[in-house]
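Trainee: Hi! Could you walk me through this structure?
Mentor: Happy to. Have a look at it, then ask away.

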Amino acid sequence: MLQLNAVSRHFGGLQVLQGVDLDIPQGGIFGLIGPNGAGKTTVFNLITGLLPVTGGRISFDGRDLAGLKPHEITRLGLARTFQNIRIFKEMSLLENVMVGMHAHLNYGAAGLLLSLGGFRAEEKRARDRARELLSWVKLDHKAHDAADNLSYGDQRKLELARALATDPRLLLLDEPVAGMNSTEKTELMHEIENIQRRGYTIFMIEHDMRFVMGLCEQIAVLNFGRIIAQGNAEQIKNDPQVIEAYLGREEDEATADEEGAAA
Ligand SMILES: Nc1ncnc2c1ncn2[C@@H]1O[C@H](COP(=O)(O)OP(=O)(O)OP(=O)(O)O)[C@@H](O)[C@H]1O
């Protein structure tokens, strides 16, 4: 569904991605992991058109995305959430999701929110759909609350509902469980599985190993801008290069923390 072929990106002299090949198959849940600064968010920024590639090719359903603007890529059926939450805190949850829909309606978000007369029928459809999407992440009972009042975990879920509002076929999630407690993580795991069962393809970046390993059928590992391994959870856990580059580093940090605490 989504293919990256020999993709590279540099920022001045800093080579952040080199020869990245990825193939995200339709219908699955695919994970991208790697140490801090490996280049994961840059991969999403290139896919969604926020940054141009400096080499290689990205295609979605066989269509080259080069030169397309972010909103044009969204219209092709590709949506994302961000590592840093980007919701409108002064708006209700329902309004936040409805704003996400405006790319697919015939008039702008402002008209939608002001309930301009001739748009009532379409507005009702949008509202019903927004409420349905909120129910997918178990937030429909808070539809009229201000987004500002949500816990951090619920704000992440709201972002997910808003991304779904653009009617994507592929959903990119950038660290969906960052800041969530373990109950929230378990709930989100089920909600993402249900979203996948509804026919969506999911591609996520996530640091939480239990979450990634529990949810993703395929996982790719990025280290210093290169894909060093790809496989299922079992293969990734046992890959010596991954252990060295990623899991090993965590153990080093844990050991250092223990030593620090003991000192
Ligand atoms: N717009 C930019 N300009 C300059 N350097 C950038 C830019 N975006 C990212 N970088 C650099 O590229 C490298 C990779 O960053 P990126 O955010 O893609 O990593 P990441 O794997 O997502 O990290 P993390 O897990 O910490 O979020 C970092 O060294 C970062 O400083």
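This is a predicted model: local features need pLDDT of at least 70, side-chain atom pairs count only at pLDDT 80 or more; totals for chains, interfaces and linings use all residues.

Trainee: Is Glu-175 buried or exposed?
Mentor: Buried: Glu-175 has 20 other C-beta atoms within 10 Å, and 20 or more is what counts as buried here.

Trainee: And what about Phe-224, where is its place?
Mentor: Phe-224 is in the loop between β9 (218-223) and β10. Phe-224 also has a positive phi, near 45 degrees, and is a residue other than glycine. With 15 other C-beta atoms within 10 Å, Phe-224 is partly exposed.

Trainee: OK, strands next. What order do the six strands of the open sheet have?
Mentor: The order is β6-β7-β8-β3-β9-β10, and the pairing is mixed. β6 (78-80) and β10 (226-231) stand at the edges with a single partner strand each, so one side of each has no neighbour in the sheet. On average, neighbouring strands of this sheet are turned by 20 degrees against each other, direction ignored.

Trainee: What holds paired strands together in general?
Mentor: Backbone hydrogen bonds, with the strands either parallel or antiparallel.

Trainee: What does β3 pair with on the β8 side, parallel or antiparallel?
Mentor: β3 and β8 pair in the parallel sense over four bridges. Phe-30 stands opposite Phe-203 in β8. Four bridges also join β3 to β9, again in parallel, and there Ile-33 has Val-221 as its bridge partner.

Trainee: Is β3 covered or open?
Mentor: Mostly covered: five of the five residues of β3 (residues 29-33) are buried. Ile-29, Gly-31 and Ile-33 point one way, while Phe-30 and Leu-32 point the other way.

Trainee: Let's switch to the ligand. Which residues are around it?
Mentor: Among them are Phe-11, Leu-14, Val-16, Gly-34, Asn-36 and Lys-40. By class, the shell has four nonpolar, six polar and one charged residues.

Trainee: Which element gives the most to that shell?
Mentor: Helix α1, with three residues.

Trainee: How enclosed is α1?
Mentor: Six of the eight residues of α1 (residues 40-47) are buried, so this helix is largely enclosed by the rest of the structure. The buried ones include Lys-40, Val-43 and Phe-44. After α1 comes Gly-49, whose phi is positive, near 80 degrees.

Trainee: Last topic: how confident is the predictor about the chain?
Mentor: The chain averages a pLDDT of 87, and 87% of the residues score at least 70. Confidence is highest in β8, at 97, and lowest in helix α4 (residues 109-114), at a mean of 57.

Methods
Residues are numbered from 1 along each chain as its sequence is written. Two strands pair if DSSP finds at least two bridges between them. Helices (H or I, at least four residues) and strands (E, at least two) are DSSP runs, numbered from the N terminus. Axes are lines fitted to C-alpha atoms, for helices over the stretch in contact, and angles run from 0 to 180 degrees between N-to-C directions. pLDDT is the predictor's confidence in each residue, from 0 to 100. A residue is buried if 20 or more other C-beta atoms lie within 10 Å of its own, exposed if 12 or fewer, and partly exposed in between; C-beta atoms are placed from the backbone. A residue is near a molecule or strand if its C-beta atom, placed from the backbone, lies within 6 Å of it. Ala, Val, Leu, Ile, Met, Phe, Trp, Tyr, Cys and Pro count as nonpolar, Asp, Glu, Lys and Arg as charged, and the others, Gly among them, as polar.
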